[in-house]
Amino acid sequence: MPRNHDIWTQPNNRGLNGIKIYLLMDNDLKIFCTNTGEYIDCAGGETLQHVYERIKDRIGFNPISVLVNNRDKHITYPLYGPKHVQFLDRNSTQGRRAYIRSLCMVLYKAVTDLLPGKRLIVQHSIGKGYFCTFKHNHAAVEGTTIKTIKTRMKEIVAEDLPFVRYERPTKELIEMFRQQGLNDKVRLLAHSTAIYTVYYQLGTLIDSFHGPLAPSTGHLSTFDLVPYKDGMLLLGPDPDNPTVPAKAGKHEKIYNAFLEGKTFNAINSVSDVSELNCAILNKQATQIIDVAETLHSQTLSNIASEIARRFKKGGARMILIAGPSASGKTTTTRRLATHLKTKFLKPKMISLDNYAVPRVETPLDENGEWDFENINAVDRQLFNRDMAELLAGKEVKMPTFNFETGCREYRGDVMKLEPDDIVLLEGLHCLNPELTEFIPEEQKFRIYISVLTTLNIDDHNWISTSDCRLLRRIMRDHKTRGFSAKETIERWPSVRKGEEKWIFPFQENADAIFNSSIICELAVMKNYALPILEQVPPNMPEHSEAHRLLTFIKSFYPIDSKEVPRTSVLRDYLI
């Protein structure tokens, strides 16, 4: 196998058809490095790794990847023209992704070295880790096996082996993957229209990922591999303290929700994108959507039945619903209300937004901006007083928050709970005990809604739940607010920061979890999302994220949105 990083990057190399390739060496080439704020002289064909070695004293860290014209690249990227370059450390958004992708390849090599024939599956995220297991493994992975794999991973990291980047004709790479037994990648690439495909080599092992890897295994010194359920949890650096590995934590209810989704996928014989594409080509999309929507309806019916059971015993008068951005909370709450009516209960909606503190009392974040997601942005004293009086059967004057004036108003709205009435409250903090600290515990029923994506791209590349929600939000913001994809992507880190602080720590408090994802939703959204993402200009920082999402969603065959029922949560996001 050739040792060049890209077939086309090395001077005087022979192409695959025996044609000699000559590359122009431009000694007057300059790039602009945003890390140092200066133009740097380069030789044509020089890689960014070589550039870094010349200026590393001015960079101050060892980069794990680079942005070239706002696109994520491997550090061996060769220079043949002027570029805008930013070296990235492992604590950057792109750097963290490169770190985890690289860890996955190290794990794959360790498993291959120790357990030939075992098929490693990196299934999905759990807390701050990534749940992994072996395909067709009907018994739990033993702790001694996991310990041995972890030891081998440490050896691979200590060897500081390079992740060598190659680019090869897709047809040839398919055969290479077939010889290595990566049939999931063979199926996926069989549907690809790309002439060339990028892959990486670690020792004698090859693999492909949706983004660049680290320069070498030596960059991956912080990690852990621990037993989790019937598999193992791969843990990278803790986001709050990158010098130590993240902790596994307890995520029983989230894990069970993922497990239910994986079981559903298995019944439909669709576990990854290539199998979904085959189902679409075989005109099975309608059936898959119908079954997914029926499952949603059945789950909501079961939740409504449990609420009704508790209600009849004198509890569960207040239903508290929370979930991260673009999880489908509003539509799901409406559908739940319908199911509650079939249980002979009358739901009444209350918006937590109406209990916001006056704008002048809104807490500020570290940048001096209004922090609307802070729990102290809610008048909890007034909220608890009103809810307690409602539950006691009293008539309550209901506030309305005027977002133009930033003040609370009373417009004559009153509410009183009749014997069969039940309160539905949707809001950011609904699972946080501080919100309802004065409400009797037996009166509360908590529901967590999220998009727990259970579809893999292939065995070693999963679909991030955050990516699905970001795509939903991009489309919703474009549809309802006229926002561009750039604007939504720009706001997303702030949204995620609020979720990490105010939602995710309380998700296990839920009495029920509703997974609003639909196995083929990205195939449905594809034709809507592509033109919106393509509008993010290359000279904007948000282009990096838009391009990544574009590359990822192009893996799907499209499904006509006419196949989606009117009541589906996806309807909120389709234009």
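How many cavities of 30 Å³ or more does the structure hold? The structure holds 1 such cavity. A cavity here is a set of points, on a 1 Å grid over the protein atoms alone, where a 1.4 Å probe fits but cannot get out, and its lining residues have an atom within 4 Å of a point.

This is a predicted model, in which local features need pLDDT of at least 70 and side-chain atom pairs count only at pLDDT 80 or more, while totals for chains, interfaces and linings use all residues. Residues are numbered from 1 along each chain as its sequence is written, and side-chain values use heavy atoms, with hydrogens and water left out.

**The cavity**

About 50 Å³ of space lies in the largest cavity, where volume is the space filled by probe spheres set on grid points joined across faces, edges and corners. Its lining consists of Leu300, Ile303, Ile321, Thr332, Thr333, Leu336, Ile447, Ile449 and Phe514. At least two lining residues come from each of α8 (285-312), α9 (329-342) and β20 (444-450). Helices (H or I, at least four residues) and strands (E, at least two) are DSSP runs, numbered from the N terminus. The largest share, 3 residues, is supplied by α9. By class, the lining has 7 nonpolar residues, 2 polar and no charged. In this scheme Ala, Val, Leu, Ile, Met, Phe, Trp, Tyr, Cys and Pro are nonpolar, Asp, Glu, Lys and Arg are charged, and the others, Gly among them, are polar.

**Salt bridges**

The structure holds 45 salt bridges, each being a side-chain nitrogen of Lys or Arg within 4 Å of a carboxyl oxygen of Asp or Glu. The table gives some of them.

| Pair | N to O distance |
|---|---|
| Arg168 and Glu172 | 3.0 Å |
| Arg335 and Glu293 | 3.6 Å |
| Arg469 and Glu499 | 2.8 Å |

Burial is stated by relative accessible area: buried means under 20%, exposed over 50%, and partly exposed in between (1.4 Å probe, protein chains only). Arg168 counts as buried because its value is 10%, whereas Glu172, at 33%, is partly exposed.

Arg335 and Glu293 form a salt bridge. This pair links distant parts of the chain, with Arg335 in helix α9 and Glu293 in helix α8, 42 residues apart. Arg335 is buried at 15% relative accessibility, and Glu293 is buried at 8%.

The side chains of Arg469 and Glu499 also meet in a salt bridge. Arg469 lies in helix α11 (residues 465-480) and Glu499 in helix α12 (residues 485-502), so the pair ties together parts 30 residues apart in sequence. Both Arg469 and Glu499 are buried. Elsewhere, salt bridges that share partners join Lys109, Asp113, Arg152, Glu155 and Glu159 into one network.

**Cysteines**

A disulfide is a covalent bond between the sulfur atoms of two cysteines. Counted as pairs of cysteine sulfur atoms within 2.5 Å, disulfides come to 0. Cys132 is in no disulfide, and the nearest cysteine sulfur, that of Cys104, is 6.1 Å away. Cys132 has 0% relative accessibility and is therefore buried.

Cys278 is partly exposed, with a relative accessible area of 31%.

**Thr93**

Thr93 lies in helix α2 (residues 93-114) and is partly exposed, at 39% relative accessibility. The C-alpha atoms of Thr93 and Pro493 are separated by 9.4 Å, although these residues are 400 residues apart along the chain.

Conventions
1 Å grid on protein atoms, 1.4 Å probe; cavity = no way out; pocket = protein on both sides within 12 Å on 5 of 7 lines; lining within 4 Å.
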